[in-house]
Structure formats: structure tokens, C-alpha cells
Amino acid sequence: MKYQRPKGTADILPDEAANWSYVESVAKELFAKYRFQEIRTPMFENFEVFSRSAGDTSDIVTKEMYDFHDKGDRHITLRPEGTAGVVRAFVENKLYGPEQIKPVKLYYMGPMFRYERPQSGRLREFHQIGVEAFGSESANLDVEVIAMGIHLLQKLGLKNLKLVINSLGDQETRAAYRKALIDYLEPHFDELSDDSKERLHRNPLRVLDSKDKNDQKLVANAPSILDYLTPESQQHFSTVKQLLEDLNIPYEVDASMVRGLDYYNHTIFEIMAHDKVLGEGDVTVCAGGRYNGLVEELGGPQTPGIGFGLGVERLLLLMQAQQVALPETNALDVYVVGIGQETKAETLKLVEAVRQAGYSADQDYLDRKPKAQFKTANRLNAKVVMTVGAEELAQQVVNLKVMATGVEQQVALEDVYQNFPKLLANFLKQ
Ligand code: ATP
Ligand code: MG
């Protein structure tokens, strides 16, 4: 029997995992500058958390959920996205309470699960970095969240980014637009795809998001939601656009963009890289929007919210395609070469002393000949090699060598154990 990873999952091997850590650390550092704090919520939630929030007609809920009944017959879902769980935690832990400084700004990173057809940049277990901010309707917050997403992608070295925004307005907007859309689509009912037929009355906005070519043709001439914005929604959207201009952030408005989750209202946005790197045209790496009704929907007090989710796999694919240079992380400070069995205890003491002094160190564990040990030091990209043989041991010294220059020096063992940082600094200065 040969074991294989489940379809749509990936093993992230050490070389690549280093890139993941780098992306995560850049994100954490940037989020802190915007005063976003980390939250960790469970990888699975009760089914209703998602059906309630994402919407019963969304693709995520109808087709993509990994849900099951556990041994206690609870209906459980592996989280397909991060927002619903964070909102559930926000409500359950009363993060809307007076002791919290508003807006409450949170971020998360971790795996998400969707039963999709796997392809490049689309997995069944994938990872998102996401942010959510609760408790303010200010357009400043919309723009700050968008700017933070763009900032992060720029910091990671991505080029050719494109911001696309739209407004879904408020409830009144949605009701009026819903009616207009149904009126427009009904005469074409027979031409619609089966999915869209089903959605026309349950959730006509979803038809705009259809991946069916013929649906897309029909939808191209549909009325625009922007013509149905209430004066307040119009005002909010204008302010967002103005503030983006004030920050010199270029954007496009796409009135047909609706996003895959039902909970959005007002501002929605996607940040794409317009590179033809993943087969198609524009690749969306980061997507989000406002969800002013979601906290209430999940049982909390009326609290506005806004956030985004960023796909880490897609981000890394884009970074690779755009040949972003990532920082070297695996250089080794010291490799200790031991010559002869009698040095075994000393090499162990040496690597441990070097590590305690704050440097990375490694040694041979396989009784390799000195020449092979030097070769390993080279392959590990060691900066300094420390050699100890029977003779050195007798004299209580070791030999240091800078691999890049070949400069060598003999130093007292005692100095290595007493004050390695100073010794190394002096040695490297020569
Ligand atoms: P798509 O239209 O590509 O299916 P979506 O609207 O379902 O995207 P969101 O729910 O907004 O995506 O998720 C935010 C981001 O997470 C996406 O922009 C993408 O980068 C990433 N993402 C979504 N689904 C997957 C997946 N199955 N595999 C890898 N990344 C994904
Ligand atoms: Mg999707």
C-alpha cells in the first residue's frame, strides 16, 4: 500500500516553508503598525455558523463545505473561510464590550477547507491571512483596510497590482436592485444555466458571479447596482473613492463584481495581480469588503465590520512567477569539524556552546572523514568552520576558518567557551 496525501492538499517542504514563515512575519509586522491583533479560532465550527453567514445559496455553502456529523451527531464544518468564525468568537466573547478599544482590529492566519476542483492556485486545503475590523462605519476604515492589503503585497515585492472596488449598498439598495435584476433576467430565463435558474429568485446577485459563459453574456447588459445606491450608500462610496485618491491608490470600479459570500454590503474589493502567470488573466490574491449586518446575524449587537482574506498559496505562486527575491534564511554560522573518535565529546560541547552564545551551529553525526565534513559545511553554507583534532585537543585550542575568504586562526578552547561572541567578532574583523 502506497500512501498519498489527500487530493487537493499539499506538503509544504522545508525550503518552501521558509518562504511561508517569511510572508507571515512580514504580515505580522505590518499588521501591528495598523494596530491589528492576532486571534486564533477553531479550525472547525458548527455548520450553522457558515450557513447563516456565507448564505444558503453561496457556492461555499451549497457545494464546497467539508461538513460531517461527529460522534455526538453534531453538524460540524471545517472552516471554508475565516470571517464567520472570527465574528462568532467576537460575539461569544463579547469583544463588543466597553472595555475594548474600538474599532476592534483582528487578524488571523491558517488553513481553510473547500471541496473544489483542484488546480494551480486552487486547493482543498489552502491558507489565508485575513483581517477583520469591528465597530466603525467610517470610510477611513474601509480605505485603511484596503491600503493595508496593498501595502502588504507591495512589501512582499509583488508588482502589477490592480485594485477593483464596488459598492453593494445597504438593504434598501439590495432590495431595489434585486427586483431590477429579476425583471431584467426573467425574460431570459430559458437561456440561463441551471445554477442561475435556481438562483434567479433565491439570490439573483449570485447570477452576476456565474462562471458560465452564456450567463456572463446575458449579465453584461444587466442593470448596474451603482444606479440603485441610496443617497447614504452613494455618499459612503464617494468618500471611499475620494480617500483612495487622497492616498494616491489607483482603483477601478467594477459594478458587476459581487463577491462569493452573501454577507457583504457597501464597499467590496479585490486586489489582483494582472500577470498571465497562473494560466488565466488577472489573479485575485486578496478580497474583502464590509459586512455591517453579520455580527447581528450571528447573535451579537448591531456592529459594523470590514475585512479581507488573502490566499497564501496564490500569493507565493505570484511571488515565484514574478521572481521576487526572498531573503536567505538557511545560512549556518558555524560548522564544527571533528577529526577522530576522541573529539566526539568536544564537538558536542562546542556546538552547544556556540548555540548558547546565540549562533546557529551544526556538526557531523555520521563519522564522515574531515574532507567530507568540510564538503557538508560548504553545502550548508556555513560562514565559519571550527576544526578540532587530537592535536588541538591536547593543546586546548581549535582552528577557525572563514569559508568565504579562507582566513584561518587558532584560538584557545577556553575563549570559545568563555566569550564566543567577542572572539568571533574579533576574528571576523581581520
Ligand atoms: P474564487 O473566485 O477564485 O473561487 P473566492 O471568491 O472563492 O475566489 P474568497 O472566498 O474571497 O475567494 O477567498 C479569498 C482568497 O482566498 C482568494 O482571493 C484566493 O486568493 C484564496 N482562495 C480562495 N479559494 C481558494 C482555494 N480553493 N485554493 C487556494 N486559494 C483560494
Ligand atoms: Mg471560490
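In this report, a residue is called buried under 20% relative accessible area, exposed over 50%, and partly exposed in between, with a 1.4 Å probe and protein chains only. The structure is a predicted model, in which local features need pLDDT of at least 70 and side-chain atom pairs count only at pLDDT 80 or more, while totals for chains, interfaces and linings use all residues. Residues are numbered from 1 along each chain as its sequence is written, chains are lettered from A and ligands numbered from 1 in the order in which they are written, and side-chain values use heavy atoms, with hydrogens and water left out.

**Backbone features**

Helices (H or I, at least four residues) and strands (E, at least two) are DSSP runs, numbered from the N terminus. Most residues other than glycine have a negative phi, and most peptide bonds are trans. Asn248, which is not a glycine, has a positive phi of about 55°. Asn248 lies in the loop between α10 (231-246) and β8 (252-253) and is exposed, because its relative accessible area is 69%. Gln396 likewise has a positive phi, near 60°; its place is the loop between α15 (390-395) and β15 (397-402). With a relative accessibility of 46%, Gln396 counts as partly exposed.

A cis peptide bond, with omega about -10°, joins Lys102 and Pro103. Pro103 belongs to the loop between α4 (83-92) and β5 (104-113).

**Aromatic rings**

Rings of Phe, Tyr and Trp (its six-membered ring) pair if their centres lie within 6.5 Å; planes under 30 degrees apart count as stacked, over 60 as edge-to-face and the rest as tilted. The whole structure holds nine aromatic pairs, two of which are given here.

| Pair | Centre to centre | Angle between planes | Type |
|---|---|---|---|
| Phe90 and Phe134 | 4.1 Å | 20° | stacked |
| Phe134 and Tyr291 | 6.1 Å | 65° | edge-to-face |

Phe90 in helix α4 and Phe134 in strand β6 (residues 125-134) are 44 residues apart, and both are buried. Phe134 in strand β6 and Tyr291 in the loop between β10 (283-290) and α11 (294-297) are 157 residues apart in sequence, so their pair ties these parts together. Tyr291 is buried, as is Phe134. Ring pairs link Phe90, Tyr96, Phe134, Tyr263, Tyr264 and Tyr291 into a cluster.

**Lys383**

Lys383 is placed in strand β14 (residues 382-388) and is partly exposed, with a relative accessible area of 46%. Lys383 and Leu332 are 51 residues apart in sequence, yet 6.3 Å apart in space, C-alpha to C-alpha.
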